[in-house]
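Subject: Structure handover

Hello,

Here is the structure for you to look at. My notes on it follow below.

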Amino acid sequence: MRAALLQITSSDSPSENLDLLQRLIAEAVENGAGFVLTPEVSNCVSLSRAHQQEVLCLEEDDPTLAALCASAADHNIWLSLGSFGVKTHDGDGRFANRQFLISPQGEITARYDKIHMFDVEVTPEETFRESDGYRPGNRAVVAKTPFGTLGLTICYDLRFAHLHRALAQAGAEILIAPAAFSPVTGAAHWHALLQARAIETGCYVLAAAQTGTHKTSRGAVRKTYGHSLVVAPWGEILSDAGRAAGISYVDLDMGKVAEARRRVPALTHDREFNGP
């Protein structure tokens with residue numbers, strides 16, 4: 001299976017982002033991709049909750065999601081929408097940060113709501129309270145495809161090794177890690193975390209990322225780190241997209257998963273312990 005990771009600079013306009021995604025999906029398919037992956041919040045990057053209330057939709061009413069399901073069917077590909085911001089029926093006004101896996105028939109075969117919320121003060125000028133606008137999920141998800149079993153994660157989940165181990169022990173061979181990483185934490189931790197998750201689990205890690213400066217209609221500016229990464233099950237980096245927008249390709253060899261796990265079968269070596 002040839003996978004294509006889309007590295008983009010999403011705006012806060014879902015219709016603009018849809019046009020970009022459809023164009024890049026078509027280009028990826030022309031270059032042989034049968035599995036296309038997009039970053040976190042592919043439909044809308046915004047720091048304004050008021051703007052999000054205006055442009056985001058319930059999943060069942062989302063025209064951008066419906067159009068991309070149709071694109072997956074038209075191109076006969078698997079499509080991982082790294083995440084969309086979507087409204088929910090929960091009643092507290094918060095959104096879900098939701099990943100969608102779409103089949104070549106255009107059907108949503110798996111959904112995953114980001115579990116870990118990015119509530120941090122990276123610097124005094126760069127503070128995030130994701131849980132103010134998004135409600136956390138509470139369910140880990142694996143999804144079977146003809147080319148391998150996927151474990152679904154989103155961005156800040158990357159820092160929680162136990163989630164990835166649980167996904168691998170539940171059968172995941174490929175970990176999906178879409179992101180909109182901060183440039184500060186990205187430069188410090190992005191590569192090391194992704195390699196660690198691959199090495200610990202013997203999984204491929206596919207991490208499509210947002211990149212660059214996201215200018216919004218309400219004047220706020222957000223920057224993201226880029227460097228969409230593909231890490232092999234033994235831990236070597238197979239592809240690093242740098243900071244430029246574009247497409248990265250990788251040919252997945254699932255025999256590498258079995259080989260890494262045979263060499264170091266750590267997933268079978270858990271032991272109970274006391275303390276601390």
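Start with helix α6, residues 183-201. Its 19 residues should span 27 Å at 1.5 Å a residue, and its end C-alpha atoms are 26 Å apart, which agrees. The expected span is 1.5 Å times one less than the number of residues. Helices (H or I, at least four residues) and strands (E, at least two) are DSSP runs, numbered from the N terminus.

A word on the source. This is a predicted model, where local features need pLDDT of at least 70, side-chain atom pairs count only at pLDDT 80 or more, and totals for chains, interfaces and linings use all residues. Residues are numbered from 1 along each chain as its sequence is written, and side-chain values use heavy atoms, with hydrogens and water left out.

Back to α6. The helix has a kink of about 55 degrees, centred on His189. The bend at a residue is the angle between axes fitted to the seven residues ending there and the seven starting there. At the start of α6, a side-chain oxygen of Ser182 comes to within 3.1 Å of the backbone nitrogen of Val184. After the helix comes Gly202, with a positive phi near 65 degrees. The buried residues of α6 include Trp190, Leu193 and Leu194. Buried means under 20% relative accessible area, exposed over 50%, and partly exposed in between (1.4 Å probe, protein chains only).

Next, the sheet. It is open, has six strands and mixed pairing, and runs in the order β5-β4-β3-β2-β1-β16. The edge strands are β5 (108-113) and β16 (246-251), each pairing on one side only. Neighbouring strands are turned by 25 degrees against each other on average, direction ignored. Two strands pair if DSSP finds at least two bridges between them. β1 and β2 (residues 35-37) run parallel and are joined by three bridges. One partner pair is Ala3 and Phe35, the latter in β2. Helix α1 (residues 14-30) lies across β1, β2, β3 (78-87) and β16, at about 35 degrees to β16. Axes are lines fitted to C-alpha atoms, for helices over the stretch in contact, and angles run from 0 to 180 degrees between N-to-C directions.

Gln7 lies in β1 (residues 2-7). Gln7 is buried, because its relative accessible area is 1%. A polar atom of its side chain lies 2.7 Å from the backbone nitrogen of Ser228. The Gln7 side chain also reaches the backbone oxygen of Ala244 at 2.8 Å.

Glu40 sits in the loop between β2 and α2 (49-55). Its relative accessibility is 4%, so Glu40 counts as buried. A polar atom of the Glu40 side chain lies 3.0 Å from the backbone nitrogen of Ala180. Beyond four places in sequence, Glu40 is in contact (heavy atoms within 4.5 Å) with residues including Lys114, Glu130 and Gln210.

Asn97 is in strand β4 (residues 95-102). With a relative accessible area of 2%, Asn97 is buried too.

Best wishes

Notes: A polar contact is a pair of N or O atoms within 3.5 Å; within protein, one must be able to donate a hydrogen and the other to accept it, and residues adjacent in sequence count only if both atoms are side-chain atoms.
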